[in-house]
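Hello,

Here is the structure we talked about. Please open it and read my notes alongside.

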Amino acid sequence: MKYKRNEAFRYPFNTPLECRFNIYKVNQKEVFSRTGQALIHDLSPEGAKVSAELNLLSNENDIEIALFFTLHSDYEVRGKIVWQKTYSDHEYLYGLQLLNHKETRFKIIDELKMLRNIHRYGKK
């Protein structure tokens with residue numbers, strides 16, 4: 001699957017947003033993993049760019065994760081890893097295709113627009 005870099009609304013965080021994640025499927029089989037720490041570099045209603053210290057070898061596996069983060073509201077979204085790159089000596093960068101319900105996508109759009117306005121104009 002091709003990653004949508006030119007998606008209409010993608011919010012790049014000046015300082016990456018802290019989040020947590022856990023793996024819930026590998027190659028279509030349910031798994032139960034511990035929760036790991038990660039950073040969200042950019043976010044849209046359809047996808048995210050995330051970095052983590054864990055090498056998931058996503059190029060060799062079909063991996064789905066649950067991502068937990070807070071904008072104005074708390075979120076738990078599910079996503080599929082569509083690409084992986086080495087980010088630094090001990091970190092990896094992942095492109096996620098988010099598997100959200102329509103309502104969650106609209107809520108993310110509204111909150112990202114609010115963040116953009118606060119950043120640009122200093123108002124809510």
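I65 touches F21, N22, I23, Y24, V77, R78, G79, I81 and L96, leaving out residues up to four places away in sequence. Touching, or contact, means heavy atoms within 4.5 Å. I65 lies in strand β5. Strands (E, at least two residues) and helices (H or I, at least four) are DSSP runs, numbered from the N terminus. I65 is buried, at 5% relative accessible area. Buried means under 20% relative accessible area, exposed over 50%, and partly exposed in between (1.4 Å probe, protein chains only). I65 and R20 are 45 residues apart in sequence, yet 10 Å apart in space, C-alpha to C-alpha.

Two notes on the source. This is a predicted model, where local features need pLDDT of at least 70 and side-chain atom pairs pLDDT 80 or more, while totals for chains, interfaces and linings use all residues. Residues are numbered from 1 along each chain as its sequence is written, and side-chain values use heavy atoms, without hydrogens and water.

Now the core. The largest nonpolar core has 28 residues. Such a core is a set of buried Ala, Val, Leu, Ile, Met, Phe, Trp, Tyr and Cys residues joined through side-chain atoms within 4.5 Å. I40, L43, L67 and F69 have the most contacts inside this core. Elements giving it two or more residues include β1 (11–26), β5 (63–70) and α1 (102–121). β1 gives the most, with six residues. Beyond its neighbours within four places in sequence, I40 contacts F13, P16, L17, C19, K49, V50, L67 and F69.

Last, R10. R10 sits in the segment before β1. R10 is buried, at 18% relative accessible area.

Best wishes
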